[in-house]
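Below are some notes for a colleague who is opening this model for the first time. They are set out as numbered points, to be read beside the sequence and the structure.

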Amino acid sequence: MRSAFSAFFRFLRVYARSPLAVIGLIGTVLVLLAAIFAPVLSPQNPYDLLQLDILESRLPPGEQAYAGFTFLLGSDGQGRDMVSAILYGLRISLIVGIGSAALAFVLGTLFGLTAAYIGGRVETFMMRLVDLQMSVPTILSALLILALLGKSIGNVVLAIVIVEWATYARTARGTALSQMRRDYVEAAKALRMGHANMILRQLLPNCISPLIVLLTMQIARAITLEATLSFLGLGVPITEPSLGLLISNGYELMLSGTYWVSLFPGIALLVTIFSINLVGDRMRQILDPKAAQR
Amino acid sequence: MKFRRILYSALCAAALAAPVAAEDLTIGVGGTATSIDPHFYNASPNNSIAMQIFDRLTERSAAGKLLPGLAETWEPVGETEWLFTLREGVKWHDGVAFTADDVVFTFDRARDVPNSPGGFGGFLRAVAKVEAVDDRTVKITTHAPSPNLPGDLANIAIVSRHAGEGADTTDYNSGKAAIGTGAFRFVEFRQGDQIRLERNPDWWGGEVAWDNVTYRVISSAGGRTTAILAGDVDIIDTPAAADIARLQGTDGIKVTSTPGLRVIYLISSPQTGAPMKFIRGPKGEELAENPLADVRVRQALSIALNRELIVDRIMEGTAKASGQWLPEGAFSYSPDIAVPVQDLEKAKALLAEAGYPDGFQLTVHVPNDRYPNAPAVVQAVAQMWTRIGVQTSVEALPWTTYSAQMKDFAVKLVGLGNATFDASSMLINVLGTADKERGLGASNDTGYSNPKLDEMTAAALTIYDDAEREKALIAAVKVALDDGAVLPLYQQTNTWAMRAGLAYEPRIDERTLAKDVKPE
């Protein structure tokens, strides 16, 4: 236990050598906390129609609400407090982003490891499936899936999983192939270890670091994809906007000077993606043996 | 020698043409015309294009007044016959003379175009027989007395028999059959992108100002505003409500608008069945019966709405709140029907009386790419309904998906262009009991049926005396509204923005006609 701790602290020390990465980590933690404590931090529940009043629509930042609080970042076309809408929207964006990236990670990794382990024609077939999936443009296949299944948060997650799993599968298989020739694998085979044990206990731990890096990067990608889908009107329900939908709502008002409806959610999205990417980038530098800078 | 003569004549032609510079007009439109076939789809973007290439027997002015078109005069003969006398000397774009036989061909074709998503058959509902008496006279026999016939025929573009016989929609789109008598000739159609037209120098209606016209599809309102601000286009339709003040304040751009005929309304499905998917009890439990079948519930939903507030806050004045589907000044508009005033207490009482004291859960559907601001309007509606206990969620869908699933929705937002310029298109097509043989309920996908209303509508439409017919129509409108059959919200204002130096008389039927855009 103690050695695990000290390993973690050693990792942190290496990590902290890049100040930019520290900023990214702080940003990520703040964004996560903001999302988790959204109901406490928000003056209003933006998804409760009873708390919204169309009479308070499109008020500029600083106006007073009937309910007593101040619209610090203004209100949108439905009378939603932008601060609350952004915090709740962040929640949906993160749940969808992390949830779908994690699910795609599990499925894709297992798929890739299994392919590498089995080898031969089965592997070729499995990897051609991956190639097929990766040859279809991401947005196009996500749109198609949502058009077929209908709109809901669950389906958005599903759509992102379907378009993203292949990336993990390819990385997992590539890493596992190089491991398959190692002595420990031979040794485990000689011990007649079961297939599941081989994949989960032997291959997975030795392939995990590039996949963790990929996961951090793909979370940011999944959040962006969800925002894009919502922006196109195919993501979450319009009464429960995520960041992408908030930006889309305000987009039409840009020319009329009601800048706050899309500007602030845009900044929130930018900060989120940027922070997560900084963390992911640093992880890659540390975990990737080929990367020069440590 | 020969070469020199050709060169000489080419130079001559160039010299002659030079003083008159080609006048081009580029129009930025929001709606996509889905075909050049004028009988394929009865929708404003399609009709706008059809009205450039083709003419109709009768036409409508910008304000909706009936004008002579290809028919110079028309008169009823007896109870069930009309005689139309055609204009003399009209030629098709390919030079062939226009005759009464083309009209006979048109009215036969327009009834039923294969794969049409919504055709023109409803306007020919009354027509029993069309005959060419001679080259310039058409006799139309109707099933019943039909005083509205000349008005209905203002919707049917006349196509030629020689180009149209055996032609299908693709032949029109390619231009092969797109031979009309209209002010412009067809040049090119690229669906969802642009349509190009050129002047028809022989048009009977006089000289139009433009040699070449391009309709460019710019579906996002922001995109249209940017295009006119940048000078990429000369005129745009339907700028976003939020942009109008900015456009008006910009030098070199002017805005013109008129109250429109299009009503935006909510309509509920009173039948139990598929719509129940979108109705639940107050705690999410299944309900045995459809609450919307109770007239008191429908009335409660109507008076829970503050229409003036919606128009003011969301439409920003680009619509007029209304309690009926026709705008002020239209035939069969009634000044006695006021805009319903919001009364939350009374709405709650009505719900309780109907057996829903705790309300119920409801999903309302709205298209997100068809009517300006419609998703925001329905969210405001959801706020208001939630305040009387009807917990409302909103689902916004693209029109293609929306229209395919429409019949299953519990409550939906729809727009109606009132193409007959009176109350009858709603009474017949939307509220009429669905019955193909009687030509009723062509767009009735809610299962609404009110035999008394059907009777009143049918009776009203056979009255030749205008004042009497108007009175009878208004009586039918009142019956429908008292029954909560539709919940009209507002009529859209039709707005165009153009560069200074152009003039366009705003049309109540929201069509954008290049032939009526004039240089000042």
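1. One definition is needed before the rest: helix axes are lines fitted to C-alpha atoms over the stretch in contact, and angles between them run from 0 to 180 degrees between N-to-C directions. Please also keep in mind that this is a predicted model.

2. With that definition, take helix 15 (residues 451–460) and helix 16 (residues 466–482) of chain B. Their axes come within 9 Å and cross at roughly 165°. Angles over 145 degrees count as roughly antiparallel, and helix 15 of chain B and helix 16 of chain B are therefore roughly antiparallel to each other. The crossing of helix 15 of chain B with helix 16 of chain B is left-handed.

3. Which residues make the contact between these two helices? From helix 15 of chain B come B:Lys452, B:Leu453, B:Met456, B:Thr457, B:Ala459 and B:Ala460. Helix 16 of chain B supplies B:Arg469, B:Ala472, B:Leu473, B:Ala475, B:Ala476, B:Val479 and B:Ala480. By type, the residues of this contact are ten nonpolar, one polar and two charged.

4. Chain B as a whole contains 16 helices and 20 strands. Its C-alpha trace spans about 95 × 55 × 35 Å along the principal axes. The radius of gyration of chain B is 25 Å, which agrees with the value near 24 Å that a compact globule of 520 residues would have. Of those 520 residues, 49% count as buried. Among contacts in chain B between residues at least 6 apart in sequence, 67% join residues at least 24 apart.

5. Chain A has eleven helices and two strands. Along the sequence the pattern is α-α-α-β-β-α-α-α-α-α-α-α-α. The C-alpha trace of chain A spans about 75 × 45 × 30 Å along its principal axes. Chain A has 294 residues, and 43% of them are buried. For contacts in chain A between residues at least 6 apart in sequence, 69% join residues at least 24 apart.

Note on methods:
Residues are numbered from 1 along each chain as its sequence is written. Chains are lettered from A and ligands numbered from 1 in the order in which they are written. This is a predicted model: local features need pLDDT of at least 70, side-chain atom pairs count only at pLDDT 80 or more; totals for chains, interfaces and linings use all residues. Helices (H or I, at least four residues) and strands (E, at least two) are DSSP runs, numbered from the N terminus. Angles under 35 degrees count as roughly parallel, over 145 as roughly antiparallel, 65 to 115 as roughly perpendicular and the rest as oblique. A crossing is left-handed if the near helix is turned anticlockwise from the far one by less than a right angle, and right-handed if clockwise. Two residues are in contact if their C-beta atoms, placed from the backbone, lie within 7 Å. Ala, Val, Leu, Ile, Met, Phe, Trp, Tyr, Cys and Pro count as nonpolar, Asp, Glu, Lys and Arg as charged, and the others, Gly among them, as polar. The radius of gyration is taken over C-alpha atoms; the globule rule is 2.2 Å times the number of residues to the power 0.38. A residue is buried if 20 or more other C-beta atoms lie within 10 Å of its own, exposed if 12 or fewer, and partly exposed in between; C-beta atoms are placed from the backbone.
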